[in-house]
Amino acid sequence: MITPQTLTGMILAGGEGRRMGGRDKGLEPFAGLPLVAHVAKRFDGQVAELMINANRNTDAYALFATRVIEDAEGGFKGPLMGIYSGLRAAETPWLLVAPCDSPALPHDLVNRMVAGISSESGEYDIAVAFDGERLHPVVALLRTSLADDLANALAEGERKIDRWYARHSWCKVDMSDCPETFANLNTEEEKSRLELTLTTTSKGLPSQETP
C-alpha cells in the first residue's frame, strides 16, 4: 500500500525552455505565481518530500520544495535523465513526477495516481496518466528501485521515456474526465491563453500565498 510516507513527489523543471526563448519555464509568472508553484500545490501534504529537478536557478526553486536536485549528468539530456535523477535521490519506495509547465493538473492527482497503479495482484512498477486520447509520460508514478535499470538504459543511449517504460510492468491511469488539466505550456501564447481561461473560470488555480 502506497502512503504519503512511502511517496516522494518531484517536479521536472530541468529543461532548456527553447520554445520559450530559453527562459526557465518553471519560474515564468502565471496567474500571479511562478508556474512551478501551481504544480507544487498538487503535492501539498500528500508526500513525504517534494523535490524539484532543476539545472539552473536552484536558489529560486528552493522556495517551493524540500530539496532541489540537478541532473545526475550535465548537458540537458532530457526528462528521462530528470526522472533517473529523482529515482536515485528519493528516499522512499515510490516517486511521483509531474512537469513544471502544467499548472492546471488535477488537485487529486496524487490520490488518483496511487489508486491507479494497483491491480488485483499488487502494484505495477509504473503508472502513467492517460487523458482519454494520449499518455502523459512525464506524469508518472514509479518504483524507485528502477533506478539501476534506468541507469543502464541511459548508458546505452536511451532517451525515449515510453520505450523505457515498456521494459517494465506499467499501466495507464484514466484521467479522461479532465483532459484539459494536462495542458502543458511551451510558448508565451499558450501560457497567456491558459492563464486567461483559468482566471476566467476560476478553476485549477491555487491562492497566491507563499508556499
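Trainee: What should I know before starting?

Mentor: The model is predicted: local features need pLDDT of at least 70, side-chain atom pairs count only at pLDDT 80 or more, and totals for chains, interfaces and linings use all residues. Residues are numbered from 1 along each chain as its sequence is written, and side-chain values use heavy atoms, without hydrogens and water.

Trainee: How many residues of H3 are buried?

Mentor: Buried means under 20% relative accessible area, with a 1.4 Å probe and protein chains only. Helices are DSSP runs (H or I, at least four residues), numbered from the N terminus. Nine of the 11 residues of H3 are buried, so H3 is largely enclosed by the rest of the structure. Among them are Gly-82, Ser-85 and Gly-86.

Trainee: At what angle do H3 and H5 cross?

Mentor: Axes are lines fitted to C-alpha atoms over the stretch in contact, and angles run from 0 to 180 degrees between N-to-C directions. The axes of H3 (residues 79-89) and H5 (residues 147-155) cross at roughly 150 degrees and come within 9 Å.

Trainee: Which residues make the contact?

Mentor: Contact means heavy atoms within 4.5 Å. H3 gives Leu-80, Met-81, Ile-83, Tyr-84, Leu-87 and Arg-88, while H5 gives Ala-147, Leu-150, Ala-151 and Leu-154.

Trainee: Which aromatic pair is there?

Mentor: Rings of Phe, Tyr and Trp (its six-membered ring) pair if their centres lie within 6.5 Å; planes under 30 degrees apart are stacked, over 60 edge-to-face, the rest tilted. Trp-164 and Tyr-165 form a tilted pair, 5.9 Å centre to centre with 50 degrees between the planes. Both Trp-164 and Tyr-165 are buried.

Conventions
Helix = DSSP H or I, 4+ residues; strand = E, 2+ residues; numbered from the N terminus. Buried < 20%, exposed > 50% of the residue type's maximum accessible area, 1.4 Å probe, protein only.
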